[in-house]
Amino acid sequence: MAQDLSTSITRRSLVAGLAVSAAPVALARANNAYAQAKETTKETTSEKSLYERLGGVFAIAGVVDHFSDAIVKNPVVGQKSKNPQLREWHTKNLKRLPGLKFMRTLWVCNISGGPFQFMATKPGRTPLGLEEAHRDLRISPAEFDEVAAELGRTLDFAKVPKREKAEVLAAFAAHKDEVTAGYVAAAKRG
């Protein structure tokens, strides 16, 4: 019976001993994991959004204002464009330019992680969708590229750092197919 009792106690004490000795190790590992996760989160959250790195809504609005005016004057896509739709828009629809500047500002704020929301619609649903808004302008891929180049020149004018400039231009380029859809459709029709 003494042996049974000691075996029973030994098993209990073994299990209890393992639990007691494992607890500090488990807690230490948990604390290390928590500290690492906290440090990773700190690094992640300390990285500013593109919106913040661009300087916020006022800086973005200034860039959009300069860019929009430069587009109007651009010989390839502005008032002297060979594209009759672009030429007409930049001569007869300039009363809409302030609203367009506002919408462009919202779009850049939105895509750069800012607190403003530009509600881009699905193509074909409303006149505000990128494809629908640009369809009748029949913007060719080369004209789109010229607008991107003008945006690049504006970002340089505003002294936007290389990293942020590249991010803005990449976000812009991601919509090339939507913006040039009217040109592509017209070219297919002949």
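Axes here are lines fitted to C-alpha atoms, for helices over the stretch in contact, and angles run from 0 to 180 degrees between N-to-C directions. The views below all come from a predicted model.

**View 1. Helix H7 packs with helix H8.** Here we look at H7 (residues 141-157) and H8 (residues 162-173), whose axes lie 10 Å apart at an angle of about 160 degrees. Angles over 145 degrees count as roughly antiparallel, and H7 and H8 are therefore roughly antiparallel to each other. Their crossing is right-handed. From H7 come Phe144, Val147, Ala148, Leu151, Gly152, Leu155 and Asp156, which meet Lys165, Val168, Leu169, Phe172 and Ala173 of H8. By class, this contact holds nine nonpolar, one polar and two charged residues.

**View 2. Helix H3 meets H7.** The axes of H3 and H7 are 9 Å apart, and the packing angle is about 135 degrees. That angle makes H3 oblique to H7. This crossing, too, is right-handed. On the H3 side you will find Val63, His66, Phe67, Ala70 and Ile71, in contact with Val147, Glu150, Leu151, Thr154, Leu155 and Phe157 of H7. Eight of these residues are nonpolar, two are polar and one is charged.

**View 3. Helix H5 and its cover.** Leu97, Lys101, Thr105, Leu106, Trp107, Val108 and Cys109 are its buried residues. Their cover includes H2 (50-54), H3 (56-73), H4 (84-92) and H8. Just after H5, look for glycine 113, with a positive phi of about 90 degrees.

Terms used. Residues numbered from 1 in each chain as written. Predicted model: local features only at pLDDT ≥ 70, side-chain atom pairs only at ≥ 80, totals over all residues. Heavy atoms only, no water. Helix = DSSP H or I, 4+ residues; strand = E, 2+ residues; numbered from the N terminus. Parallel < 35°, antiparallel > 145°, perpendicular 65-115°, else oblique. Left-handed = near helix turned anticlockwise from the far one by under 90°. Contact = heavy atoms within 4.5 Å. Nonpolar A, V, L, I, M, F, W, Y, C, P; charged D, E, K, R; others polar. Buried < 20%, exposed > 50% of the residue type's maximum accessible area, 1.4 Å probe, protein only.
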